Amino acid sequence: MKSGARRSRKVKNPFIDLEAEQDDDEDELDAEEGDGDIEHRQYKAATVTRLPARKHDLSEAIARIEVSANSRGSTSAHHVSSVAPRRTTGFIPKSRMYKFTVNVPARQFLADYLENRGFSIVVSPWIASHLYVTSDSPRTIQSALPDAYKLSIKDWDIIEDDEAAEVNNLSLQYPYPCWLRVKRGKYRDAVGYLFDSEQSNNFVTVLIPPRDFPYDMPKGSVALFDPSRLPPGISTTDVTRNGEIVGEKYKGEEYYCGLLKKTFHRYSTELVHIPHPNDIRLHHQAGWDLPFTRKAEVAFSKLSLRAGDTVRLHTPDLSGQLCTVITTDHAFGGSVTLEFELDGAKKQTEAALVDVERVFNVGDEVRVIAGVYQGVAGHLVQKYEDNYTICQSGTQQEIEVSKYYLDRRPLDRTLQAYMSAPQYVDPPEEPKSIEIGDYVTVTVGDLLGKCGLVQWASGEFVWFEDETDLQRSDDSAVATPFLRVQAVMVERTRLPATIKFTKERGYDVRPGDFVTVARGPEFRTKGVVTAVDFIKAQLTLETERDHYS
């Protein structure tokens with residue numbers, strides 16, 4: 001064998017790297033064994049592919065080179081296949097987990113779309129904007145998405161193996177107990193109590209106020225099941241829990257203290273950290289797990305806690321100390337900076353939100369922010385443990401309200417701090433584009449007459465679920481299909497009641513109000529108003545996401 005011929009074959013062989021340092025003797029032997037097959041063949045000039053850094057295994061590198069050579073479609077790829085055959089098995093990149101931060105309204109679209117294409121998906125039960133996807137690279141994940149969906153991805157991070165194992169172990173497990181919001185079907189937007197810590201097969205069981213009744217009720221009613229309203233002669237079967245009768249069973253449905261026990265698909269629900277008291281009013285009325293319900297009401301009352309409010313501190317060293325709030329930070333469970341007077345000197349301290357209690361004094365101007373009297377303003381005239389008596393402004397009538405439903409604010413002077421008397425502003429023009437949360441009706445095309453809430457909008461297209469299909473489907477575990485149409489083929493209908501504007505008073509909203517976003521990327525986000533910018537027509541909200549970001 002002539003050494004010159006051998007060198008020429010090395011140069012033209014795309015499977016041999018002249019700079020490889022591992023298994024040199026073995027590679028040389030393999031090349032010699034293959035000479036009988038390739039000595040007299042003619043080859044095209046080939047580009048030599050260099051091996052990667054030493055941290056990669058040589059066999060993996062050769063496998064990648066083989067794939068590259070085969071993709072060229074040249075004859076040389078076929079003839080050198082005898083080189084190191086035991087190392088040319090297909091290279092499978094290691095899959096790992098990635099955390100994608102996405103727009104919340106698009107999360108379900110992304111999860112469904114990627115799952116249908118074979119990706120392993122975990123929807124974060126902790127943070128609404130996080131989606132965990134397992135793949136060989138983030139590029140593979142993003143390349144599988146249509147352009148319209150790519151716009152909803154804000155950022156991505158690599159998840160370490162130990163953290164990924166925890167995510168997979170808890171992926172379908174909500175904390176127990178907790179509150180869940182139903183995202184689709186007949187019970188859409190309803191908040192339920194997680195009934196059982198056992199969660200399997202991607203399904204969860206919750207206690208939720210029923211919307212269908214085995215007796216006559218006005219259309220659209222949401223109330224507790226009342227067995228006394230059943231027709232005469234019809235009885236129910238007792239439901240027991242821990243040896244105690246806690247409800248009734250009738251025609252296959254179970255009712256616990258009047259709440260319906262219902263099963264939903266895991267991806268049809270989402271975790272609610274701090275529900276609005278109005279959303280769990282019937283759970284409170286039913287008396288189911290009152291300590292947990294009260295805990296939610298207390299957490300809600302602290303959402304509106306701001307600088308200048310009075311609180312009582314409950315820590316071992318300063319138990320019962322009255323303090324003034326200086327700053328608040330609602331992230332990661334929440335904390336406050338407090339100022340208090342001790343021995344004639346002013347001091348400051350930091351405390352967790354769970355260690356402070358809001359304090360109202362007789363004579364304070366307050367506004368009711370939850371319950372049947374929501375929106376009523378007046379003065380605090382009497383205090384009884386957890387219920388306070390409020391004298392309404394104007395009518396002078398007295399009402400009794402839970403102290404957790406109150407916000408202390410000098411209401412009559414709020415707007416004057418933001419707008420001087422001679423200042424007038426014009427509101428910005430209402431955007432004409434179709435936004436997430438808009439109720440639309442298709443006006444032309446094959447889907448003429450279809451209508452529903454827009455779930456996602458991107459470019460010239462919008463996606464929505466047909467309202468008729470949602471009402472027709474009684475199985476909330478089965479998702480109705482999303483319809484995609486061009487935005488020019490729909491029109492907005494059922495316009496929501498939003499904040500009103502007048503030149504004299506601006507927008508009818510003030511700090512401390514509890515609001516819900518009616519349309520746009522933050523659709524359905526709920527929170528307490530902390531600041532109002534009348535010139536830019538913008539609100540700053542304190543939301544439950546700020547507590548767990």
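Visitor: Where does aspartate 343 lie?
Guide: Aspartate 343 lies in the loop between strand S15 (335-342) and strand S16 (345-352); here helices (H or I, at least four residues) and strands (E, at least two) are DSSP runs, numbered from the N terminus. Keep in mind that this is a predicted model, in which local features need pLDDT of at least 70 and side-chain atom pairs count only at pLDDT 80 or more, while totals for chains, interfaces and linings use all residues. Residues are numbered from 1 along each chain as its sequence is written, and side-chain values use heavy atoms, with hydrogens and water left out.

Visitor: What is the phi of aspartate 343?
Guide: Phi of aspartate 343 is near 55°, which is a positive value in a residue other than glycine. As background, most residues other than glycine have a negative phi, and most peptide bonds are trans.

Visitor: Is that residue buried or exposed?
Guide: Aspartate 343 counts as exposed because its relative accessibility is 76%, given that buried means under 20% relative accessible area, exposed over 50% and partly exposed in between (1.4 Å probe, protein chains only).

Visitor: And glutamine 396, what is its phi?
Guide: The phi of glutamine 396 is near 65°, again in a residue other than glycine. Glutamine 396 sits in the loop between S20 and S21, and at 52% relative accessibility it counts as exposed.

Visitor: Switching to charges, how many salt bridges turn up?
Guide: A search of the whole structure gives 16, where a salt bridge is a side-chain nitrogen of Lys or Arg within 4 Å of a carboxyl oxygen of Asp or Glu.

Visitor: Which residue does glutamate 270 pair with?
Guide: The side chain of glutamate 270 forms a salt bridge with that of arginine 181, at 3.7 Å from N to O. Glutamate 270 is in strand S12 (residues 269-272) and arginine 181 in strand S5 (residues 179-182), so that the pair links distant parts of the chain, 89 residues apart. Glutamate 270 counts as buried at 18% relative accessibility, and arginine 181 is buried as well, with a relative accessible area of 13%.

Visitor: Which residue meets aspartate 386?
Guide: Aspartate 386 and lysine 403 meet through their side chains in a salt bridge (3.6 Å, N to O). Because aspartate 386 lies in the loop between strand S19 (377-384) and strand S20 (387-392), and lysine 403 in the loop between strand S21 (398-402) and strand S22 (406-408), the pair ties together parts that are 17 residues apart in sequence. Aspartate 386 is partly exposed, with a relative accessible area of 27%, whereas lysine 403 counts as buried at 11% relative accessibility.

Visitor: Which residues are in a network of salt bridges?
Guide: Arg294, Glu297, Arg312, Glu357, Asp386 and Lys403 are linked in one such network.

Visitor: What does aspartate 438 pair with?
Guide: Aspartate 438 and arginine 492 form a salt bridge between their side chains (3.5 Å, N to O). Aspartate 438 is in the loop between S22 and strand S23 (439-442), arginine 492 is in strand S27 (residues 490-492), and this pair too links distant parts of the chain, 54 residues apart. With a relative accessible area of 2%, aspartate 438 is buried, while arginine 492 counts as partly exposed at 24% relative accessibility.

Visitor: On to the cysteines: how many disulfides are there?
Guide: The count is zero, taking a disulfide as a pair of cysteine sulfur atoms within 2.5 Å. Cysteine 257 counts as partly exposed at 31% relative accessibility, and cysteine 451 counts as buried at 15%.

Visitor: Last one, how many residues of helix H6 are buried?
Guide: Eight of the 10 residues of helix H6 (residues 107-116) are buried, which leaves the helix mostly covered. Those buried residues are Arg107, Gln108, Phe109, Leu110, Ala111, Asp112, Tyr113 and Leu114. After H6 comes glycine 118, with a positive phi near 90°.
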